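Here are some notes to read beside the structure.

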Amino acid sequence: MSERKPVTLPQLAEMKLNSEPIVMVTAYDYPSAEVAEAAGVDLVLVGDTAAMTVLGHSSTTPVSLDEMLVLAKAVRRGLRTPLLVGDLPFGSYERSDEQAIETATRYVKEAGCDVVKLERGGASVERARAIVRAGIPVMGHVGLTPQTATALGGYRAQGRTADQAVQIAEEAKALQEAGCFAIVFEAVPAALSEVLVPQLAIPVIGIGAGAATDGQVLVWHDLLGIYGGHTPKFVKRYAELRGQMIEAVGAYTADVRHRAFPAPEHTYSIDPEELEAFKRYLEQSSRASEGAFGGDWSATEI
Ligand code: KIV
């Protein structure tokens, strides 16, 4: 069997040219990274959705850079071939090009990420350009950008009016011009992707952007049915693991309460002679110290 080689940026560009779908998934820890590796995905994104799926916040904005780096490092340990994308969290890149470069550099140096992702057009285009100039490849993200969902009027599809569609097209082109190697389109009409994707030279990875994008990304917990929170319309669940997890932990709980676990096969043995010797020792020491181990403790003052 031939070993899969690490995914490269030229390979992703070639996949777009050959109309070969690109597969991206999020991951936030070592075991999920190992699964993504085994499943053969092309890119793994340590998304700031971790704020919600892993840390229990109600939006993506509270997660800190340090928290994201811990997760990215764990994912790195589980990956060999997919390209690892570190998501710049809200507040970690907007202030200046220097801040953006510093944050992106930490993802590469400390967490071993191959590339980074940031959200929005506007000032983010300049941040993307600065990071690319510093030598770190950047993925853009337009349409529904969760870090600024409040400003967008909530978690709703974008680009459903001509004005909004023009804005998305301009942002995507500006990000491409700034040197981004790919762009995420989130929650935009499929018909918009059909028009825009062929006009962009770089791969477009869609999430809720229809089938015309060059690739797809799904959030790990959505894909596997782990997350108990709201599931967007664009998610397809490939498993219902939350139900299976509750069932399994419930069965464990019942087993412990009924003393059905651990069974003999889950326990360690001791040579009977060794056990006898140990019991003799206990008896002797108990007699010698009048109860250090087995004696009457009731009269002992503590
Ligand atoms: O943070 C994230 O998981 C993302 C994906 C939804 C693309 O940005």
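1. In this predicted model, three elements each give at least two residues to the lining of the largest pocket: strands β1 (22-26) and β6 (182-186), and helix α3 (50-53). The lining holds 35 residues, and those nearest the centre of the pocket are L144, Y155, E186, P232 and F234.

2. The space in the largest pocket comes to about 770 Å³. By type, the residues of its lining are 17 nonpolar, nine polar and nine charged.

3. The second largest pocket holds about 350 Å³ of space. It is lined by 21 residues, with Q216, V217, L218, L223 and Y238 closest to its centre. At least two lining residues each come from β1, α2 (30-39), β7 (204-207), β8 (215-218) and α9 (220-223). Here the lining divides into 16 nonpolar residues, four polar and one charged.

4. In soluble globular proteins, nonpolar side chains tend to be buried together. In this model, the largest nonpolar core has 58 residues, and the members that touch the most others are V44, Y107, I131 and F185. Helix α4 (residues 65-78) supplies the largest share of this core, six residues.

5. Which residues does V44 touch, leaving out those up to four places away in sequence? The contacts of V44 are V25, A27, A36, V75, L79, P82, L83, L84 and V85.

6. Another core, of 17 residues, lies apart from the largest one. Its members include L12, M15, V115 and V217. V217 is also one of the residues closest to the centre of the second largest pocket.

Notes
Residues are numbered from 1 along each chain as its sequence is written. This is a predicted model: local features need pLDDT of at least 70, side-chain atom pairs count only at pLDDT 80 or more; totals for chains, interfaces and linings use all residues. Side-chain values use heavy atoms; hydrogens and water are left out. On a 1 Å grid over the protein atoms alone, a cavity is a set of points where a 1.4 Å probe fits but cannot get out, and a pocket is an open set with protein on both sides within 12 Å along at least five of seven lines; lining residues have an atom within 4 Å of a point. Grid points are joined across faces, edges and corners, and a volume is the space filled by probe spheres set on the points. Helices (H or I, at least four residues) and strands (E, at least two) are DSSP runs, numbered from the N terminus. Ala, Val, Leu, Ile, Met, Phe, Trp, Tyr, Cys and Pro count as nonpolar, Asp, Glu, Lys and Arg as charged, and the others, Gly among them, as polar. A nonpolar core is a set of buried Ala, Val, Leu, Ile, Met, Phe, Trp, Tyr and Cys residues joined through side-chain atoms within 4.5 Å. Buried means under 20% relative accessible area, exposed over 50%, partly exposed in between (1.4 Å probe, protein chains only). Contact means heavy atoms within 4.5 Å.
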